[in-house]
Amino acid sequence: MTAHSHRPILKLKTGIAGFDAISNGGIPIGRTTLLAGTAGSSKTVFAVQFLACGISMNDESCVFVTFEETPDDIRQNMLSFGWDIAAWEAAGKWAFVDASPKPEDPVLLSGDYDLAALLARIEHAITRTGATRISIDSLGAIFSKFDDHHVVRGELLRISVALKKLNVTALMTAERNQEYGDIARHGIEEFVADNVIILRNVLEAESRRRTMEILKFRGTDHRKGEHPFSIVADGGIVGVPLSTVELNHRSSHVRISSGTDKLDAMCGGGFFRDSIVLISGATGTGKTLMATSFIGGAGANERSLFFAFEESRDQLFRNADGWGVDFQQMEEEGRLKVICTYPETTGLEEHLIEMKKAIMEFKPTRIAVDSLSALERGATPKSFREFVIGLTSFIKQQEIVGVFTSVTPTLMGGTSITEAHISTVTDTIILLRYVELFGEISRGIAVLKMRGSRHEKEIREFNIDQSGMHVGKPFRNITGILTGNPQFHQTPESERLQEMFEDV
């Protein structure tokens with residue numbers, strides 16, 4: 001066996017965020033990759049971004065062959081992503097091969113059309129610019145020129161072979177009729193490509209969810225399955241490769257305050273610096289207050305980021321002020337940033353991308369998210385769990401304390417769907433519950449879980465007033481608080497207390 005047979009297949013980084021992780025380094029150099037998808041799945045954006053990243057990252061030259069949109073339309077449409085194609089053309093880094101239909105073009109009969117002239121134009125553009133990347137958008141237009149698809153396959157193979165000889169890495173787009181089924185519309189496009197990538201734009205829970213999947217990479221490995229992605233302004237396609245999440249984050253013994261001394265004691269000295277904390281409770285039990293106290297407990301050298309999905313900025317600031325936490329002053333000192341967004345304004349992938357971007361820019365040491373239950377509305381269980389894993393793993397990698405709130409379905413307790421999705425990835429779970437005693441409603445707090453630390457097992461009473469929350473004494477002689485069915489066990493002392501309540 002020769003040394004040549006052991007040569008690894010080199011990959012070219014596309015520069016598309018997330019995709020290079022999914023593909024384990026990019027797409028194979030010098031080969032042809034088919035990009036298939038239905039209408040609206042972002043094929044053209046992907047094809048343009050592949051070239052744009054080559055220019056901006058590696059100062060490469062590129063060629064774009066268009067069979068559908070005119071060059072003017074592509075130049076205009078891609079400006080919204082920050083890609084100035086006209087400037088690249090002027091610098092000799094970008095060349096169009098325009099094969100888009102013109103109103104004055106005659107209707108050609110089968111047999112009158114071949115790709116020899118087009119291939120000559122492509123070769124000339126590559127040679128003139130010294131291009132190393134080329135995108136062809138899209139193959140479907142070629143099929144309209146021929147009645148015999150066997151002829152089309154021969155012509156496509158001809159192009160593919162010619163591109164390999166020119167040592168360019170090629171990306172060709174093709175249409176699909178449905179999200180799941182045949183790879184491409186005509187059933188032969190995938191046989192002329194070395195690699196196949198599928199983009200999907202599936203309707204789930206009344207909203208669209210985009211995913212990318214590498215179906216095949218000849219001779220090299222890649223991540224399997226579908227991976228969500230989004231399209232953002234000034235960035236284009238951004239993938240969310242959850243399969244690349246690794247459990248390699250560091251764990252610190254350093255603790256920080258929860259913002260409440262008694263709660264710190266219940267947790268064995270406060271929260272660990274790189275932990276994920278879930279606060280679960282019914283509406284009105286004090287979840288937002290605890291998140292506010294956590295932010296308010298930050299030291300002078302700490303920075304905090306508060307993501308609110310249920311309350312407006314003014315409402316949060318007013319309530320915090322009523323509890324003795326001055327969000328306004330913290331913000332003016334540059335120690336706090338509050339981001340308020342309705343969950344329904346965009347998809348979970350977009351929320352995740354924007355949240356990660358805000359974290360990277362502000363570089364906080366504390367993060368509060370209020371609430372996960374709001375984000376779960378309208379999302380599928382799969383997309384929500386992917387969001388939770390993507391966000392919590394990112395936060396832990398940055399060694400940031402994250403506090404998340406979640407609403408339980410009943411007033412007295414119960415496990416929410418949200419809590420079921422996040423509980424396995426949290427380090428600490430704090431439960432807030434209503435407790436009915438002698439015809440009055442009290443509140444109870446308990447630390448259900450705390451990884452790597454001893455913590456109190458007792459359920460304590462706590463109350464809320466104008467100065468915030470106050471953790472009190474443990475409940476005695478009462479069982480069933482966490483299940484929402486408290487039972488009072490009689491003792492001589494409890495009988496005396498009950499008689500006093502009755503006398504009153």
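Q: Before we start, what counts as a salt bridge here?
A: A side-chain nitrogen of Lys or Arg has to sit within 4 Å of a carboxyl oxygen of Asp or Glu. Keep in mind that this is a predicted model.

Q: Okay, and how many salt bridges does that rule give?
A: The count comes to 20.

Q: Let's pick one. What does Arg133 form a salt bridge with?
A: Its partner is Glu60, and the closest N and O atoms are 3.1 Å apart.

Q: Where in the structure do Arg133 and Glu60 lie?
A: Arg133 is in strand S6 (residues 133-137), while Glu60 is in the loop between helix H2 (43-58) and strand S4 (62-66), so the pair ties together parts that are 73 residues apart in sequence.

Q: Is Arg133 buried or exposed? And what about Glu60?
A: Arg133 is buried, with a relative accessible area of 0%. Glu60 is buried too, at 12%.

Q: How accessible is Arg451? And Asp427?
A: Arg451 counts as partly exposed at 40% relative accessibility. Asp427 is at 11%, which means it counts as buried.

Q: Which residue does Arg335 pair up with in a salt bridge?
A: Glu333, and there the closest N and O atoms are 2.8 Å apart. Arg335 is buried at 16% relative accessibility, whereas Glu333 is partly exposed at 44%.

Q: Which residues are linked in a network of salt bridges?
A: Arg209, Glu349, Lys382 and Glu386 are linked that way.

Q: Switching topic: how many residues of strand S8 are buried?
A: Eight of the ten residues in S8 (residues 195-204) are buried, so the strand is largely enclosed by the rest of the structure.

Q: In which sense does strand S3 pair with S8, parallel or antiparallel?
A: Strand S3 (residues 32-37) pairs with S8 in the parallel sense, over five bridges. Gly37 stands opposite Leu199 in S8.

Q: And S8 with strand S9, parallel or antiparallel?
A: S8 and S9 (residues 207-217) pair in the antiparallel sense, over ten bridges.

Q: What stands opposite Val196 there?
A: Lys216 in S9.

Technical notes: Residues numbered from 1 in each chain as written. Predicted model: local features only at pLDDT ≥ 70, side-chain atom pairs only at ≥ 80, totals over all residues. Heavy atoms only, no water. Helix = DSSP H or I, 4+ residues; strand = E, 2+ residues; numbered from the N terminus. Buried < 20%, exposed > 50% of the residue type's maximum accessible area, 1.4 Å probe, protein only. Pairing = 2+ DSSP bridges.
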